[in-house]
Structure formats: C-alpha cells, structure tokens
Amino acid sequence: MGEFDSDLEAIKRHYLERFLPTSPWASLINHQPYLYQRQRQRRLRETLLACGFGAAERLRDLKALDIGCGAGGNLAWLADLGADPANLTGIDLLEPRVDVARARFKGIRFLAGDIVETDVGGPYDLVMVLAVLTSVVNPAFKRRIMDKALSLLKRPGGILFVYDVITPRPVPGTPDYQCLTFDELDAYVAPHALRYFRRDLLKPRLANRLVPRYGVGVAEMVQALGVFNIDGAFAYART
C-alpha cells in the first residue's frame, strides 16, 4: 500500500461517481465552461508571453506537462498555438479520461496514474496544475504533488502555471473538496513567488445567464470588472 492510496481512491470515486456524470465540463458547448476556458487560455497565453515564449520558434520547442490533464484540451490548445505535440505530456488519475485524450489527440503523450509515483520524464519548460489541489483534501498529499511539479521544471526559467479556487482565509470544505488559501499555495511553492490573477472568473449562474442572452464578449466585460466573480485564481511562478 502506498502512502496516499486511500486519498487516490477517494478522488477517483468523487470524479467518476459524482462530479463527471453531472459536470457542465462534459462539453465546451455549455456556457460557463466556454467562458472559463477562454479566460484560462487568455491567462496562459499572457503567461507564456511574459516568460519569453512569444516567438514561434521558442513556442515550437516548448516542453509542457499538464498534471490532471483530463481529456487533454489544454495541451491540444498549446499545440494549436504552435507547440510541437511530441513535446507535450499529460497525466491524469482517471484512465477513462486518458483514453478519451489519447483517442482525440494522437500526437500528444498521455499517461494514466498518480503524478507522485509516475515517471513522466522532463525537465519541462511549463508544468500546469489546473483545478487539481482543491480535490486533494490531504495537505501532505498536496505538498507532494507540488514538490513533484516543481522538481520537473527546468532551472532556471521553468514556468509553473496554476488554477484553483483560492480564498484569503480558510473556508469549510467537504470530504471531497477543500478550497486553498493564498498563504497555503504560497507555502507549497516557496521560495518561488507566484504572480496572481485573483477572482478571475464570473459566477457560474451569471455566466449561464449572460452568455446566451448577450454573448461571450459582454460576459467577459462583466467578468473583467471582478465585482461578480468567484474566488477562482490563476497564478504563475518561475524557477
């Protein structure tokens, strides 16, 4: 038995039995996921530009890893930007999701397994940890995941790109879900400093009202105000 086997089984049950069967993220035709995905892509593109990957030649050579890659959409979008699919790797705990990713994006390498125990190669220019840590309620497991993510980055100049629901103070969670705090995430990444895009996503109910009625452009303008947003935050750090 591994140190985190019970945590891994609980995460698998949560996603396979409760989250995925009813998730709006089953398709980007749904309004809220479409709006959120556009913002994720915007922040990732801004991060790549800020970190010196604005030239097509540099982007083509980008080596990237997506931890918790799901069906592979984030890596496919990097390939659309110009990254060589042969340099892209995704890993996910759920084998059915990895099977979907492999069928959809054949040029990208996808692995099924626990990131802490799996050899994913490296080092990487970019490691993404998107909407992963809130599903890990054991702080020791979260730290191991982040330690592994940081260890896989090139030094100097590697980019850690993170998204999750992050709050200024602790918020009560559930057996399956626990928000992060900024202090907690900062501690996982220390001594590297994170640059945050705080409260960056519109409330789901409002997104689902505005996008079909007024279009995604209007929804993005309201989202940019930050007044009606959730505590979802993107962030990046350099090694």
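**Salt bridges and nonpolar cores in the predicted model**

Aspartate 99 and arginine 102 sit 3 residues apart in helix 5 (residues 95-104), and are therefore separated by about one helical turn; helices (H or I, at least four residues) and strands (E, at least two) are DSSP runs, numbered from the N terminus. The side chains of this pair meet in a salt bridge, at 3.8 Å from N to O, where a salt bridge is a side-chain nitrogen of Lys or Arg within 4 Å of a carboxyl oxygen of Asp or Glu. Aspartate 99 is partly exposed at 42% relative accessibility, and arginine 102 is likewise partly exposed, at 35%. Here buried means under 20% relative accessible area, exposed over 50%, and partly exposed in between (1.4 Å probe, protein chains only).

The structure is predicted, so local features need pLDDT of at least 70 and side-chain atom pairs count only at pLDDT 80 or more, while totals for chains, interfaces and linings use all residues. Residues are numbered from 1 along each chain as its sequence is written, and side-chain values use heavy atoms, with hydrogens and water left out.

A search of the whole structure finds 11 salt bridges. One of them joins arginine 144 to glutamate 3, with an N to O distance of 2.9 Å. Arginine 144 belongs to helix 6 (residues 139-151) and glutamate 3 to the segment before helix 1 (5-22), so this pair ties together parts that are 141 residues apart in sequence. Glutamate 3 is exposed, at 60% relative accessible area, whereas arginine 144 is partly exposed at 32%.

Another salt bridge links lysine 154 with aspartate 125, their closest N and O atoms being 3.1 Å apart. Lysine 154 lies in the loop between helix 6 and strand 5 (159-167), and aspartate 125 in the loop between strand 3 (109-112) and strand 4 (126-130), so the pair ties together parts that are 29 residues apart in sequence. Lysine 154 is partly exposed at 29%, but aspartate 125 is buried at 8%. Elsewhere, salt bridges with shared partners join Arg38, Arg42 and Glu220 into one network.

Turning to the nonpolar side chains, the largest nonpolar core has 40 residues, and Leu48, Leu78 and Leu126 have the most contacts inside it. Such a core is a set of buried Ala, Val, Leu, Ile, Met, Phe, Trp, Tyr and Cys residues joined through side-chain atoms within 4.5 Å. Beyond its neighbours within four places in sequence, leucine 48 is in contact with Phe53, Gly54, Leu59, Leu62, Leu78, Leu81, Leu126 and Ile159, contact meaning heavy atoms within 4.5 Å. Apart from this core lies another, of 38 residues, including Leu8, Leu94, Leu153 and Leu185.
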